[in-house]
Amino acid sequence: MKELLKENILKHISLSQDEIEAFVDLFAKKEIRKREFLLREGDVCKFEAFVVKGLFRVYHIDQNGFEQILYFAVENWWITDIDSFCNETPSQLFIESLEDSEILLIAKKEKEYAYANLPQIEKLFRIMTQKTHVALQRRMIDNLSKTADQRYIEFSTKYPKLIQRLSNIQVAAYLGITNVFLSNIRKKIALKK
């Protein structure tokens with residue numbers, strides 16, 4: 001289970017065998033059933049998690065009761081509420097498993113231990129934070145400057161395997177549109193082929 005995590009880490013930084021073993025030993029294994037919540041709004045997020053198997057959605061419910069999906073996480077991706085985790089404040093997010101899943105969790109105490117005892121780990125999380133920041137910035141720009149049609153086409157092109165695992169309602173919530181509007185986009189695309 002920890003081999004995928006090791007591969008993910010070594011894509012970003014170099015560690016000795018002893019260092020990587022020491023780091024991955026700080027993670028706890030957890031199995032999550034489909035539709036189970038890893039985090040609920042109002043709870044303090046006490047983990048960062050690496051997805052070994054499965055699919056998660058990270059979302060917020062607005063004042064009108066509409067779901068706003070920030071992102072999905074599949075195998076080899078990380079999930080957390082970074083605001084709640086770092087600041088130890090109540091979360092504004094839900095993290096829910098969309099499939100039976102397996103994750104590796106690291107708590108704040110263990111992460112701080114890694115920072116103090118394995119200096120390369122700070123570099124790892126700096127690199128991952130930068131990549132996440134870039135992805136969120138691009139998503140914000142896309143949401144402000146591209147049509148729903150363009151966003152759907154780009155999402156389905158960039159993540160063809162992921163889109164097959166999601167319902168229309170989930171894709172629509174990610175794109176910030178209604179399910180009916182998404183169906184119309186798909187019909188338009190199908191007619192052009």
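First, the ground rules. The model is predicted, so local features need pLDDT of at least 70 and side-chain atom pairs count only at pLDDT 80 or more, while totals for chains, interfaces and linings use all residues. Residues are numbered from 1 along each chain as its sequence is written, and side-chain values use heavy atoms, with hydrogens and water left out.

Now the sheets. Helices (H or I, at least four residues) and strands (E, at least two) are DSSP runs, numbered from the N terminus. Two strands pair if DSSP finds at least two bridges between them.

Take the sheet with β4 in it. Its 4 strands run in the order β2-β7-β4-β5. The sheet is open, and the pairing is antiparallel. Which strands sit at the edges? They are β2 (37–39) and β5, and each pairs on one side only. From one strand to the next, the twist averages 25 degrees. For angles here, axes are lines fitted to C-alpha atoms, for helices over the stretch in contact, and angles run from 0 to 180 degrees between N-to-C directions.

Look at β4 itself, residues 55–61. Of its 7 residues, 6 are buried, so the strand is largely enclosed by the rest of the structure. Buried means under 20% relative accessible area, exposed means over 50%, and partly exposed lies in between (1.4 Å probe, protein chains only).

β4 has two partners to show you. On β5, residues 67–74, there are 7 bridges, and the two strands run antiparallel. Find Tyr59: it stands opposite Ile69 in β5. These two strands form a hairpin with 5 residues between them. In that turn, Gly65 has a positive phi of about 85 degrees.

The other partner is β7, residues 94–97. Here 4 bridges do the joining, again antiparallel. Phe56 has Ser97 as its bridge partner in β7. β7 also pairs with β2, through 2 bridges. There, Leu39 stands opposite Ile95.

Next sheet. Four strands again: an open sheet in the order β1-β8-β3-β6, with antiparallel pairing. The edge strands are β1 (28–32) and β6 (78–79), each pairing on one side only.

How many residues of β8 are buried? The count is 5 of its 6, so to speak a mostly covered strand, at residues 101–106. β8 pairs with β1 over 5 bridges, antiparallel. Ala28 has Leu105 as its bridge partner in β8. β8 pairs with β3 over 5 bridges too, also antiparallel. There, Glu48 has Ile106 as its partner in β8. Then β3, residues 48–53, meets β6 through 2 bridges. On that side, Phe50 stands opposite Trp78.

On to the cysteines. A disulfide is a covalent bond between the sulfur atoms of two cysteines. Here, a disulfide is counted as a pair of cysteine sulfur atoms within 2.5 Å. How many does the structure hold? It holds 0. For Cys45, the nearest cysteine sulfur is that of Cys86, 9.2 Å away. Is Cys45 buried or exposed? Cys45 is buried, at 2% relative accessibility. Cys86 is partly exposed, at 40%.

Last, the helices. Two packed helices are described by the angle between their axes and the distance between the axes.

Start with α4 (residues 108–117) and α5. They pack at about 120 degrees, with axes 6 Å apart. That makes α4 oblique to α5. The cut-offs: under 35 degrees is roughly parallel, over 145 roughly antiparallel, 65 to 115 roughly perpendicular, and the rest oblique. Who makes the contact (heavy atoms within 4.5 Å)? From α4, Lys111, Ala114 and Tyr115; from α5, Ile121, Glu122 and Phe125. By class, that is 4 nonpolar, no polar and 2 charged residues. Ala, Val, Leu, Ile, Met, Phe, Trp, Tyr, Cys and Pro count as nonpolar, Asp, Glu, Lys and Arg as charged, and the others, Gly among them, as polar.

Stay on α5, residues 120–145, and find Leu136. Leu136 is partly exposed, at 41% relative accessibility. Its C-alpha atom is 8.8 Å from that of Leu70, which is 66 residues apart from it along the chain.

Finally, α8 (residues 168–175) and α9 (residues 179–192). Their angle is about 100 degrees, and their axes are 9 Å apart. The two are therefore roughly perpendicular. Among the residues that meet are Val171 and Leu175 in α8, and Leu182 and Arg186 in α9. The contact has 5 nonpolar, 3 polar and 1 charged residues.

Note on methods:
Contact = heavy atoms within 4.5 Å.
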